[in-house]
Amino acid sequence: MMYDLKEHVIKFLQRGLRVDGRKPLEYRDISIETGITKNAEGSARVKIGETELIVGVKMEVGSPYPDTPAEGTIIVGAELLPLSSPEFEAGPPDIQAIELARVVDRGIRESRAVSFKKLCIEPGKKIWMCVIDVVTVNDAGNLFDAAALGAMAALKTARFPEYDGEKVNYKKLTDKGLPIEEEPISVTVLKIGEHFIVDPSTEEEKVYDARLTVAIMSNGDLCALQKGGDAAVTEEEISQMIGIAVDKSKELRKHLSAI
Amino acid sequence: MESKLLIQDKEIAVPGEILAEGMDFVPGPGTYRIGETIVASRLGLVQVDGRALKLIPMSGKYMPKRDDTIIGQVVDILFSGWRVDINSAYPGMLNIKDATSDFVSKGADLTQYYTFGDYIVTKITNVTSQKLVDLSMRGPGLKKLKGGRIISVNPSKVPRIIGKQGSMVSLIKEATYSRITVGQNGLIWIDGEPENELVAIEAIRKIENEAHLAGLTEKVKEFLDANKSRIKEVEMKPEEPEEQPERFERFDRERPRYGDRPRYNDRPPRREGDRPFNRRRFS
């Protein structure tokens, strides 16, 4: 039956249509809300069509890694709640959740979106650790782009809590925002048959051949790639997919810049 | 205590809402009695029918009902049949004997009939009080679905989508040149030209959203007329002639049956010196 569905999806794509009536390179409506939780230092709710997820940023004081004594760090975790899709099970993060978290992490880390140097409090002793948690509310496809968008929106609105050198007072937030120096945008391009699409729906995510998540910086440079799916892609196809992603990132960037 | 009706006919009730007080009223489907009050158990329209209070649900999961024709997905293969997801809180069970008239020997590979992920049009033959659902494939129009795709709608809107004697669904079918099968459990199978299929789905969504309004057929007709330019006219392939299940011949000796033993005429012909049939070896 999965084979039937794939054939059906391809039949639509041959006519330049998607199974939900969209154009191949058309995103669903995107909305971003920030500051939605009281307890997190920064938070965002992202909706792409029916897909919805929440991202929270918590600031913690910790000790630096021995190899980077003067740098703070980020930690990204993703939780695919069972309520958001019949496919998700409760329990420790599975491979899907780990991949989602790592792709979000890599986009932020490799674009140097958060200045790690400025997260240092006392070299070798104390640093700020920025914990980013992604929680899915509803999975209707394209969690990758939504999570990356939500993480950046939450980071942009996050505020340092009060810190007196010993204890962090989470009850009081300062006016000081995080040292954001870059705004990466992730766009996932899927290959189904010979066709490329962006912003997949649940059905399309079931039948795709290959997937490429591209993180793009504000000047159009790439900072991270993640390939998924069973099928191989040629060099030419990769450059085609990156071209689509760079093009589409401009559209997504408008939503992020508006915050 | 004096009986009192607390809600008007055709009003919307929410779960837990008290509909009436006193023993002069009786709870119907979708309602129940606590002490002397009648309470709604679902979200829906209240119907006051004399003393009886009924509630027509507007939302909720599908509840399996006997004789419903539904669309299900095979999720498991068991020792003697299949477990089918019927878009309900309860799974359905399809036994081999209700799935095919073939002789299936013990330990045979059941995936040749239905395998994981297959969608089937099937009928509920029985629902026990413990909600064990029995399914059958014997009957007209019951088959495995090939090609096309499944969309899901609110099960309580299915009667409006089908219409009187299937009038609504055949209206959409004819206007969009698509093949459509509506399951009572809220799953709908559609196959047609991509452009037409999208129009058909939009029409179904429109019915779903406006199911409670009057003059729905007219509105759907208008909608289909307005979208005529989007529809590509194609010749409808005549539906594949349905395989009529062979009659179960009780004494049909062509087919081996479980427990069959060789017949007398399967034996090699008698030769000179053979022991006569009827003589016992030991006497």
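**Figure 1. Domains of chain B in the predicted model.** A distance of 31 Å separates the C-alpha centres of domain 1 and domain 3 of chain B. The division of chain B comprises domain 1 (8-57), domain 2 (69-136) and domain 3 (149-230), with bounds that come from an automatic or database domain assignment. This is a predicted model, in which local features need pLDDT of at least 70 and side-chain atom pairs count only at pLDDT 80 or more, while totals for chains, interfaces and linings use all residues. Residues are numbered from 1 along each chain as its sequence is written, and chains are lettered from A and ligands numbered from 1 in the order in which they are written.

**Figure 2. The open sheet of chain B.** The order β2-β7-β8-β4 describes an open sheet of 4 strands in chain B, with mixed pairing. Strands β2 (12-13) and β4 (26-27) of chain B are at the edges and have a single partner strand each, so one side of each lacks a neighbour in the sheet. Strands β7 (residues 44-49) and β8 (residues 52-57) of chain B run antiparallel and are joined by 6 bridges; B:Leu45 has B:Ile56 in β8(B) as its bridge partner. Strands (E, at least two residues) and helices (H or I, at least four residues) are DSSP runs numbered from the N terminus, and two strands pair if DSSP finds at least two bridges between them.

**Figure 3. Helix α4 of chain B and its packing.** Helix α4 (residues 194-209) of chain B contains 16 residues and extends 23 Å from its first C-alpha to its last, close to the expected 22 Å (1.5 Å times one less than the number of residues). Its buried residues (20 or more other C-beta atoms within 10 Å of the residue's own, with C-beta atoms placed from the backbone) include B:Leu198, B:Val199, B:Ile201, B:Ile204 and B:Ile207, together with B:Asn196 and B:Glu197. The elements against which the buried residues of α4(B) pack are β14 (149-152), α2 (158-162), α3 (167-176), β15 (179-182), β16 (187-191) and α5 (216-226) of chain B.

**Figure 4. The contact between chains A and B.** In this interface, 10 residues of chain B are in contact with 12 residues of chain A, a contact being two residues whose C-beta atoms, placed from the backbone, lie within 7 Å. Helix α4(B) gives the most to the side of chain B that touches chain A, contributing 3 residues. That side of chain B consists of 3 nonpolar, 3 polar and 4 charged residues; Ala, Val, Leu, Ile, Met, Phe, Trp, Tyr, Cys and Pro count as nonpolar, Asp, Glu, Lys and Arg as charged, and the others, Gly among them, as polar.

**Figure 5. Strand β9 of chain A and its partners.** Strand β9 (residues 185-192) of chain A is mostly covered, with 8 of its 8 residues buried. From β9(A), A:Ile185, A:Val187, A:Val189 and A:Lys191 point one way, whereas A:Ser186, A:Thr188, A:Leu190 and A:Ile192 point the other way. Strand β11 (residues 210-216) of chain A runs antiparallel to β9(A) and is joined to it by 7 bridges, A:Ile216 being the bridge partner of A:Ile185. Strand β10 (residues 195-198) of chain A also pairs with β9(A) in the antiparallel sense, over 4 bridges; here A:His195 is the bridge partner of A:Ile192. The hairpin of β9(A) and β10(A) has 2 residues between the strands, and A:Gly193 takes a positive phi near 60°.

How values were computed: A residue is buried if 20 or more other C-beta atoms lie within 10 Å of its own, exposed if 12 or fewer, and partly exposed in between; C-beta atoms are placed from the backbone.
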